[in-house]
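Here is a briefing on a single protein chain. Look over the fold first, then take the topics in turn.

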Amino acid sequence: AVGIAQLDPLIAGDGDIAIAVVRDTEGTRLNTLDITTDEAQITATADLTSGASDARFDVAIRDINLVVPQLNGPAVVTGTALRGTDLITTFDIQATGPATTLTANGTATPAEDGQSVAATVAAQITDLDTFSELAGRDLGGAVDMDLSGVVLTQGLRIDVDLTAATTDLAVGIPQLDALLAG
């Protein structure tokens with residue numbers, strides 16, 4: 001146990017850990033990070049330098065219920081982050097979980113007041129009822145949404161576009177459900 005409520009159940013019991021790290025004049029390299037337990041598999045690599053850097057990770061959880069008690073089923077998150085010598089970071093993340101598929105990609109560019117993050121996120125939720133207990137209300141239907149935008153990390157600018165296609169959407173509010181059906 002490491003004292004992190006969301007992580008401790010995933011690493012409880014027997015497991016295997018493999019780590020290989022190198023630090024030299026060229027930077028720091030995480031050649032191997034592999035944590036395997038009955039509940040999760042976590043792998044990562046990274047090459048961190050004062051110039052360009054990159055990192056990759058994969059996390060597979062047997063049952064997300066251990067982390068989010070209101071949900072059940074496997075969850076997988078994979079991703080990469082690459083920072084160029086121009087200090088612009090590009091990222092790409094894919095995730096699947098109960099009734100959900102998500103992809104996100106974008107860039108983080110140094111700005112005068114922090115970072116300017118431009119991102120595109122696509123999410124498909126095939127059965128909103130899966131999230132009813134988590135939301136504390138009856139949900140239903142399906143949604144396929146795309147979100148794109150730019151955010152300055154200091155909150156000075158937010159520019160977001162959201163489009164969504166829904167099927168038989170229900171949010172547990174009778175007045176809205178009548179408008180959203182179909």
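From the N terminus on, the elements run α-β-β-β-β-β-β-β-β-α-β-β-α. That gives 3 helices and 10 strands in the protein chain; helices (H or I, at least four residues) and strands (E, at least two) are DSSP runs, numbered from the N terminus. The model is predicted: local features need pLDDT of at least 70, side-chain atom pairs count only at pLDDT 80 or more, and totals for chains, interfaces and linings use all residues. Residues are numbered from 1 along each chain as its sequence is written, and side-chain values use heavy atoms, with hydrogens and water left out.

**Overall dimensions and burial**

- Along the principal axes, the C-alpha atoms of the protein chain fill a box of roughly 65 × 45 × 25 Å.
- Of the 182 residues in the protein chain, 21% are buried. Buried means under 20% relative accessible area, exposed over 50%, and partly exposed in between (1.4 Å probe, protein chains only).
- Contacts between residues at least 6 apart in sequence include 31% that join residues at least 24 apart. Contact here means heavy atoms within 4.5 Å.

**The sheet**

- The 10 strands form an open sheet with antiparallel pairing. Their order is β1-β2-β3-β4-β5-β6-β7-β8-β9-β10.
- β1 (15–24) and β10 (158–170) stand at the edges. Each has a single partner strand, so one side of each is left without a neighbour in the sheet.
- From one strand to the next, the twist averages 5°. Axes are lines fitted to C-alpha atoms, for helices over the stretch in contact, and angles run from 0 to 180 degrees between N-to-C directions.
- Two strands pair if DSSP finds at least two bridges between them.
- Strands of a sheet pair through backbone hydrogen bonds, either parallel or antiparallel.

**Strand pairs, from β1 onward**

- β1 and β2 (residues 27–37) run antiparallel and are joined by 10 bridges. Asp24 has Gly27 in β2 as its bridge partner.
- β6 (residues 89–97) and β7 (residues 100–111) pair in the antiparallel sense over 9 bridges. Phe91 stands opposite Gly106 in β7.
- β7 and β8 (residues 114–125) are antiparallel, with 12 bridges between them. In β8, Ser116 is the bridge partner of Thr109, and Val117 is the bridge partner of Ala108.
- A hairpin links β7 to β8 through 2 residues.
- β8 and β9 (residues 140–152) also run antiparallel, joined by 10 bridges. Gln124 has Asp144 in β9 as its bridge partner.

- Most residues other than glycine have a negative phi, and most peptide bonds are trans.
- Leu87 has a positive phi, near 70°. Leu87 lies in the loop between β5 (75–83) and β6. Its relative accessibility is 42%, so Leu87 counts as partly exposed.
- Ala99 is not a glycine, yet its phi is positive at about 60°. Ala99 sits in the turn of the β6–β7 hairpin, which has 2 residues between its strands. At 21% relative accessibility, Ala99 counts as partly exposed.

**Gly140 in β9**

- Is Gly140 buried or exposed? Gly140 counts as buried because its relative accessibility is 13%.
- Gly140 belongs to strand β9. Not counting residues up to four places away in sequence, Gly140 touches Leu128, Asp129, Asp168, Leu169 and Ala170.
- Gly140 and Asp168 are 28 residues apart along the chain. Their C-alpha atoms are separated by 7.0 Å.

**The largest pocket**

- Rolling a probe the size of a water molecule over the atoms shows where empty space is left.
- The largest pocket holds about 180 Å³ of space. On a 1 Å grid over the protein atoms alone, a pocket is an open set of points where a 1.4 Å probe fits, with protein on both sides within 12 Å along at least five of seven lines; lining residues have an atom within 4 Å of a point. Grid points are joined across faces, edges and corners, and a volume is the space filled by probe spheres set on the points.
- Its lining has 13 residues, and Ala75, Thr96, Gly97, Pro98 and Thr100 lie nearest its centre. β5, β6 and β7 are the elements that give two or more residues to this lining.
- By class, the lining has 9 nonpolar, 4 polar and no charged residues. Ala, Val, Leu, Ile, Met, Phe, Trp, Tyr, Cys and Pro count as nonpolar, Asp, Glu, Lys and Arg as charged, and the others, Gly among them, as polar.
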